[in-house]
Amino acid sequence: MPTAFDLIVIGAGPGGYVAAIKAAQLGLTVACIEREAALGGTCLRIGCIPSKVLLESSEKFAEAKGDFARHGIKLGAVELDLPAMLRRKDTVVTTLTKGVEGLFKKNKVTRFAGHGRLAGPGQVIVESKDGMIELSAKHILIATGSKPAPLKGVELDGDRIGTSTEALCYPEVPKQLVVIGAGYIGLELSSVWSRLGAKVTVLEFLPRILPGMDSELAAEAQKIFTKQGLEFRLGARVTAAKTTKKGCRVEIEGAEPVECDRVLLAVGRVPNTDNLGLDTSGLALDEKGRIPVDDHFATQASGVFALGDVIRGPMLAHKAEEEGIACVERLVTGYGHVDYNTIPGVVYTHPEIASVGRSEDQLKDEKAEYRKGVFPFMGSGRARSLGQTEGRVKVLADAKTDRVLGVHIIGPRAGDLIAEAAAAMAFGASSEDIARVCHAHPTLAESLKEAALAVTGQAIHV
Ligand code: NAD
């Protein structure tokens, strides 16, 4: 096996594996080091993908229990087969992680199994189960991702008190689940277990859910999720969680403790930088434990680059992928760019919540002059036929130039609908540009057109 490469990538998550494949496609010799047996990182193994599988399955279960009857479909007794549901999730994960292995072979990316760390300029060591392997490269890319943030006083036991990793494979539906944190992970996994029958209480430190997302949408989401059965306790600062003889106890500042049988800690994620040998290349972390990089992902050490969750910016798989492509393109062609203004964010609850660009709160803070167009899904023929009329599309555009500054959607398939808004914004579209594009009827996408029309008071169906 060769030990000298043009590029060594440490970490095979969406940032690392995409960068490795792209670099190989551009003609570089590439190695990728990954310590987990399966490729694909948190996203494929214990994050985006398994959570989406369980969201889909649990939604079908909820529909079968109640929603089908509204469509005139009568079912007999609906029963949950949790082991089968979890097996399906594992099968999807295995298929996709094996798929990355196949892509590595096809593109001639050399895979090393073990923990990778820097060992001085141009040098990397792989700590593998068969001993140390010394590698060298012109360029080194750190794409080691992130791990769940701990919370002082919360004693993770890898079982009853756990993170998203445990919550993707509870062996039985908890009777009472306490979720700490009403962010992306907290809300998605609360939805899964609540649909499967758990009584879920979400404890959130802030006075709102989904911090960072448009607050109008977040407030609407909270109402919808409350109707679905989630209990929210806002302004609740968790100070401790411990296992007891009967289950778990969660302590909240200034309030009675909550007893439950499982606890999910979802208060954010922190970069993975343990034992990376950063000091051997003179690298230090910033105040949030991230690796500082310039606009082109270069660290302060010559030839060493970093991207994804381990650097600044949102911790999103697709952001890491874009960075992987841009970083490698720049190495090879001298040009590579990520448009951080058009990175969408999606919460895959039901309904989904999706955003791109500035939130209305940000525009207000910036004292920007903007116009706002809103279209409720109640006015959409397609949403009516789906029986999913909750939510709305909101388009925010510059008051003078009409350039679209942000689009925020809560409603059916919002995560897919946001792609059109992101594409429009990437091309510098005005709300009129979106409004003048012919949208197929009847589709949910027409709601974006209508919201764009509403920016200038011209919506037809509301
Ligand atoms: P998050 O930052 O989205 O939310 C964490 C929440 O925990 C915040 O609302 C915060 O106020 C709250 N919190 C913090 N300390 C608390 C305390 N002591 N008591 C109660 N609440 C407290 O973090 P997350 O949901 O853990 O997600 C981590 C990362 O993973 C995010 O950056 C997200 O981008 C990413 N992610 C994305 C997706 C997606 O794209 N669909 C899904 C899952 C995760």
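In this short talk I will go through the domains of this protein chain, the contact between two of them, one proline, and the ligand.

Before the details, please keep in mind that this is a predicted model, in which local features need pLDDT of at least 70 and side-chain atom pairs count only at pLDDT 80 or more, while totals for chains, interfaces and linings use all residues. Residues are numbered from 1 along each chain as its sequence is written, and side-chain values use heavy atoms, with hydrogens and water left out.

Let me start with the domains, whose bounds come from an automatic or database domain assignment. The assignment gives domain 1 as 4-148 + 271-338, domain 2 as 161-267 and domain 3 as 342-454.

How far apart do the C-alpha centres of domain 1 and domain 2 lie? They are 27 Å apart, and, taking contact as heavy atoms within 4.5 Å, 18 residues of domain 1 are in contact with 15 residues of domain 2. The two domains bury about 1,300 Å² between them, 71% of it on carbon and sulfur atoms, where buried area is the accessible area (1.4 Å probe) that two parts lose on being put together, summed over both. On the side of domain 1, the most area is lost by Ile 46, Leu 55 and Leu 82, which together make up 32% of what that side buries.

Turning to charged pairs, a salt bridge here is a side-chain nitrogen of Lys or Arg within 4 Å of a carboxyl oxygen of Asp or Glu, and there are 2 salt bridges between domain 1 and domain 2. The side chains of Glu 188 and Lys 52 also form a salt bridge, at 2.8 Å from N to O.

Next comes Pro 344, whose C-alpha atom is separated by 15 Å from that of Cys 48, although the two are 296 residues apart along the chain. If we leave aside its neighbours within four places in sequence, Pro 344 is in contact with Leu 316, His 318, Ser 355, Val 356 and Ile 418.

Finally, the ligand: which residues around it come nearest? Counting a residue as near if one of its heavy atoms lies within 4 Å, there are 25 residues around the ligand, and of these Ile 185, Glu 188, Glu 204, Gly 268 and Val 346 come nearest. A backbone N or O atom of Val 346 lies 2.7 Å from a nitrogen atom of the ligand, a polar backbone atom of Phe 205 is 3.1 Å from a nitrogen atom of the ligand, and a polar backbone atom of Tyr 184 is 3.2 Å from an oxygen atom of the ligand.

Terms used:
Polar contact = N/O pair within 3.5 Å; in protein donor to acceptor, adjacent residues only side chain to side chain.
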